Amino acid sequence: MEINPAETATVGKLSHMADLVRRFADPGVAIAPGGRVRTIAAGHYTVAGLSRHVRLGEFVAHRSATGIHLGEVVRVEPDLVYVCPIEPGEPIGIGDVVIRKGAFRVAPDDSWCGRTISALGEPIDGKGPLRNGLKKRSISNTAPPSMTRRRVETGFRTGVRAIDIFAPLCLGQRLGIFAGSGVGKSTLLSMLARADAFDKVVISLVGERGREVREFIEDTLGDNMAKSIAIVATSDESPMLRKMAPLVGITIAEHFRDKGENVLFIADSVTRFAHAIREVAVASGEPPIARGYPASVFTELPRLLERCGPGAEGTGTITAIISILVDGDNHNDPIADSARGILDGHIVLERSLAEEGRYPPINPLSSISRLARKAWTGDQEKLVSRLKALIHRYEETRDLRLIGGYRAGSDPDLDMAIKQVPVIYDVLKQTPGEPPAADSYADLAAALRAGQAQPAANMRRG
């Protein structure tokens, strides 16, 4: 029988298409016909032939001259689908084949502890391939229903004295660290990552400097890396990868939470996550509504943060510590303001305190934990209230004292503040190299007793 070359070519194309479908199709998604690239622009490309088969947020597989690449559907029109490529610099040509993949999924496993992976769930630490778990999870999961979630009840020690005294945390709480650039957010996060109250630690580094990744993992985490998983998307990677990194991280945390473990989820930073969403949204044609941020930013942010917290009865907790980079030290910029309304507390780092050499530069008056009363005893709550009153009195009279307008003995409360607040500030100083504080209140009490004993000794010598 004579073989028709045209038929052979057609069979070859269909065979290749079937292979693509087998490799990339989600088993839970109905197979859709392939589409083809219609137009190409900076930040996105359009596909014809998939509009009736894909949904917003799903992923597609694009075959180019260099291989197969992923992209996310960011806009669907009757005749065209807008896709943002996952990888930067992906070679895209008019007419390239694009196939529906469905939701992006990862299959976390306990063996991932101690590993560093990319936002695509691939190992980047040179330690070999990852072993997939039994269950695939979509990175776009929703939070557990509110009425099925456990209550937050149990406090824990972070080892950072300024937090344990003035803004104590509970398992399942969501805390934000608000600061400008270069004030010490990442350093404080590294100190909190050493807390021994957690079974697992999941760290999502979003938009970090590439040179700092190994320093953070090898030097800062150290031995704690054995129970940690790091998901990294550096600043030079595409906005899609920077957007996916926290979503992959929280999905891994949910895996351990559902096994009944207490997980610490650290995201540095949510602001860069929001910037990545903005880049993707603007590329797809979404208009900005608040200082350059489109509406999808304020939709995605609570979806991420609400996935943290306690799980349903019989499961564990995800305690979230999120850093928020405030633009221009403006703590009321849209991202900071939106995050503050969702989180269960906020730690404020002040640039002026860092310039004074006080590290971590936490402002104890501006920092609040909304669940502090579940962590404090009654006596501790009274003590902290008194300490805040002394600090406030000390700070509000700073200018008066500097010009010599205050005489000792005229205000007993201010006299006490002048003697004790500098001692309190010294106790709150803590460097990353110091071991975590075992009992912050005992350290404070010992320092205050020593401060009171010193003037008495001076009087006896006189």
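User: Hi! Quick one to start: is the crossing of α5 and α6 left-handed or right-handed?
Analyst: Hello! The α5 and α6 crossing is left-handed, where left-handed says that the near helix is turned anticlockwise from the far one by less than a right angle, and right-handed that it is turned clockwise. Helices here are DSSP runs of H or I with at least four residues, strands are E runs of at least two, and both are numbered from the N terminus.

User: Before I go on, what kind of model is this?
Analyst: This is a predicted model, in which local features need pLDDT of at least 70 and side-chain atom pairs count only at pLDDT 80 or more, while totals for chains, interfaces and linings use all residues. Residues are numbered from 1 along each chain as its sequence is written, and side-chain values use heavy atoms, with hydrogens and water left out.

User: Thanks. Back to that pair: at what angle do the axes of α5 and α6 cross?
Analyst: Roughly 135°, and the axes of α5 (residues 239-258) and α6 come within 8 Å. Axes are lines fitted to C-alpha atoms, for helices over the stretch in contact, and angles run from 0 to 180 degrees between N-to-C directions. α5 and α6 are therefore oblique to each other; under 35 degrees counts as roughly parallel, over 145 as roughly antiparallel, 65 to 115 as roughly perpendicular and the rest as oblique.

User: Which residues of α5 and α6 make the contact?
Analyst: With contact meaning heavy atoms within 4.5 Å, α5 brings Pro239, Met240, Arg242, Lys243, Pro246 and Leu247, and α6 brings Phe273, Ala276, Ile277, Glu279 and Val280. They divide into 8 nonpolar, no polar and 3 charged. In that scheme Ala, Val, Leu, Ile, Met, Phe, Trp, Tyr, Cys and Pro are nonpolar, Asp, Glu, Lys and Arg are charged, and the others, Gly among them, are polar.

User: And how do α6 and α7 cross?
Analyst: The axes of α6 (residues 270-283) and α7 (residues 295-306) come within 9 Å and cross at roughly 140°. That crossing is right-handed. Val270, Phe273, Ala274, Ile277, Arg278 and Ala281 of α6 touch Ser296, Val297, Glu300, Leu301 and Leu304 of α7.

User: Switching topic: where is the cis peptide bond that involves serine 269?
Analyst: It runs from aspartate 268 to serine 269, with omega near 5°. Serine 269 sits in the loop between β15 (262-268) and α6. Another cis bond joins tyrosine 359 to proline 360, with omega near -5°, and proline 360 lies in the loop between α9 (351-355) and β21 (368-369).

User: Nice. What about domains, how is the chain divided?
Analyst: Into domain 1 (30-102), domain 2 (106-375) and domain 3 (379-453), with bounds from an automatic or database domain assignment. Domains 2 and 3 bury about 2,200 Å² between them, 57% of it on carbon and sulfur atoms. Buried area is the accessible area (1.4 Å probe) that two parts lose on being put together, summed over both.

User: Last one: at what angle do α11 and α13 pack?
Analyst: About 105°, with the axes of α11 (residues 378-396) and α13 (residues 412-428) 8 Å apart. These two helices are therefore roughly perpendicular to each other.
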